[in-house]
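Please look through the sequence and the model below before reading on. The report that follows goes from the sheet to the helices and then to a ligand.

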Amino acid sequence: MKYRKANENKTGRAAKLKGEVKKLAVSRDKFGRKIEYLRISITDRCNLRCRYCMPPEGVEYKPHESILRYEEIIRIVRVGIELGIKRVRITGGEPLVRQGIVGFIKELAGLEGLEDISMTTNATLLAGKAAGLKRAGLRRVNISLDSLRRDRYREITGRDSLDQALAGIKSALRVGLSPVKLNVVVMRGINDDEIPDLVDLTLDYPLHVRFIEYMPLGRTVQSQLNSYISLEEIKRRIGGRMELIPSKVKGSGPAEYFKVPAARGTIGFITPVSHSFCTRCNRLRLTADGRLRPCLADNIEVDLHDGEGRVEDSEDIRRKFKEAILLKPGSHNFFQEDIFSERNMFQIGG
Ligand code: SAM
Ligand code: SF4
């Protein structure tokens with residue numbers, strides 16, 4: 001009797017979830033948020049070793065055969081578009097280390113219904129590829145740059161690649177990728193003294209410099225936690241030095257933008273930790289190994305493979321996409337220990 005009741009409950013719950021999946025208004029989650037943005041990690045590999053992104057003891061990459069093939073990603077994006085995805089961002093790991101990226105962007109750009117393709121990159125390989133990527137259909141780029149000083153760049157990223165990154169930024173501007181946004185993870189005692197120099201870049205160049213709070217993800221947590229600094233403090237420091245007026249920049253992200261009067265670029269603040277923007281979250285993430293991740297800071301994932309390790313057919317991808325949307329939590333809590341991410345950022349796709 002007890003057994004039957006437990007089973008009935010289980011069947012009831014499954015039927016309810018099935019019903020919810022069926023009822024789901026296209027691309028709305030349980031909290032009414034419209035999900036129209038997909039971040040796609042195409043590789044977990046990277047040519048840098050940023051201290052906030054990778055664990056100090058070194059990295060272990062997924063075997064090549066478990067990384068989604070381009071044609072599988074295209075199949076997944078097609079289903080996403082049917083469910084309301086309008087914009088995609090290509091990320092990693094470092095997306096430009098993967099062969100065939102220009103052809104892949106071209107294929108994405110040919111998908112009807114996709115309104116915007118952007119990329120997040122460290123730009124060290126961008127100089128030789130920017131023109132081809134732009135021609136293929138890439139619209140804009142976010143580039144990670146945490147220091148303008150060569151020694152410090154090497155200290156943070158583990159590689160002596162500042163010159164290559166700067167060349168990549170120049171190429172992005174030259175070929176007309178627009179906007180070009182620079183992502184700066186601000187770390188106390190490591191690069192917070194460079195904020196004035198980074199702000200000054202916006203006076204002369206049409207660059208959008210975004211300061212980002214360090215997020216405690218994965219095994220980087222313990223080693224970097226002392227580096228966290230709230231952007232409220234940074235905003236106060238910049239405000240004490242120069243006038244800032246509110247501004248806007250194209251994109252769907254959570255940054256709050258300002259500019260120095262007469263500057264060509266803007267300054268953005270992204271505060272995932274001190275001021276969560278979960279109520280406006282419009283995204284899902286696809287990991288390089290084929291998992292849909294509803295929330296950056298939560299370990300819930302929906303595997304798009306079947307029991308035999310093949311990516312599902314379109315009907316099942318559709319069902320799993322809806323499931324992932326329904327599983328999106330209302331908000332995150334980065335500092336709640338039991339949800340410390342099992343993956344580091346390079347394994348998720350920031
Ligand atoms: N390799 C590319 C790059 O660095 O731009 C794309 C992938 S990287 C994981 C995406 C973004 O995540 C970068 O802007 C990086 O600064 C940011 N990121 C990585 N780990 C982070 C952390 N713990 N806290 C805040 N931002 C982080
Ligand atoms: Fe590589 Fe980007 Fe992570 Fe730096 S932040 S290690 S460039 S994936």
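## Strand β9 and its neighbours

Strand β8 (residues 256-259) and β9 pair in the antiparallel sense, over 3 bridges. Within this pairing, the residue of β9 that is the bridge partner of Y257 is G268. The model shown here is a predicted one, and the descriptions below should be read with that in mind. The hairpin of β8 and β9 has 6 residues between the strands, and in this hairpin A262 takes a positive phi near 75°.

β9 also pairs with strand β6 (residues 207-213), to which 5 bridges join it, and these two strands run parallel. Here the bridge partner of F211 is F269 in β9. Strand β9 (residues 266-270) is largely enclosed by the rest of the structure, because 5 of its 5 residues are buried.

The secondary structure of the protein comes to 11 helices and 12 strands.

| Strands | Sense | Bridges |
|---|---|---|
| β8 and β9 | antiparallel | 3 bridges |
| β6 and β9 | parallel | 5 bridges |
| β4 and β5 | parallel | 4 bridges |
| β3 and β4 | parallel | 4 bridges |
| β1 and β2 | parallel | 5 bridges |
| β1 and β10 | parallel | 4 bridges |

Strand β4 (residues 140-144) pairs with strand β5 (residues 180-186) in the parallel sense. In this pairing V180 of β5 is the bridge partner of V141, and I143 stands opposite L182 in β5. Strand β3 (residues 116-121) is likewise joined to β4, and the two run parallel; between them, S118 stands opposite R140 in β4. From β3 the chain crosses through helix α4 (residues 130-136) to β4, and this β-α-β crossover is right-handed. Of the 5 residues of β4, 4 are buried, so this strand is largely enclosed by the rest of the structure.

β1 is mostly covered, with 5 of its 5 residues buried. From β1, Y37, R39 and S41 point one way, while L38 and I40 point the other way, and all are buried.

β1, α2 and β2 together make a right-handed β-α-β unit. Helix α2 (residues 70-82) has 13 residues and reaches 19 Å from its first C-alpha to its last, which is close to the 18 Å expected at 1.5 Å a residue. The buried residues of α2 are Y70, E72, I73, I74, I76, V77, V79, G80 and I81. What do these buried residues of α2 pack against? They pack against β1 (37-41), β2 (87-91), α3 (101-109), β10 (283-286) and α10 (314-326). After α2 comes G84, whose phi is positive, near 115°.

α10, one of the elements that the buried residues of α2 pack against, has 13 residues and reaches 18 Å from its first C-alpha to its last, close to the 18 Å expected at 1.5 Å a residue. The buried residues of α10 are I317, R318, K320, F321, K322, A324, I325 and L326.

Over the protein, buried residues make up 55% of the 350 residues. Among contacts between residues at least 6 apart in sequence, 73% join residues at least 24 apart.

Which residues surround ligand 2? The ligand is surrounded by C46, L48, C50, Y52, C53, M54, G93 and N122. By class, this shell around ligand 2 has 6 nonpolar and 2 polar residues, and no charged residues.

Definitions and conventions. Residues numbered from 1 in each chain as written. Chains lettered and ligands numbered in written order. Predicted model: local features only at pLDDT ≥ 70, side-chain atom pairs only at ≥ 80, totals over all residues. Heavy atoms only, no water. Near = heavy atom within 4 Å. Nonpolar A, V, L, I, M, F, W, Y, C, P; charged D, E, K, R; others polar. Expected span 1.5 Å × (residues − 1). Buried < 20%, exposed > 50% of the residue type's maximum accessible area, 1.4 Å probe, protein only. Contact = heavy atoms within 4.5 Å. Pairing = 2+ DSSP bridges. Right-handed = clockwise from strand over helix to strand, strands pointing away.
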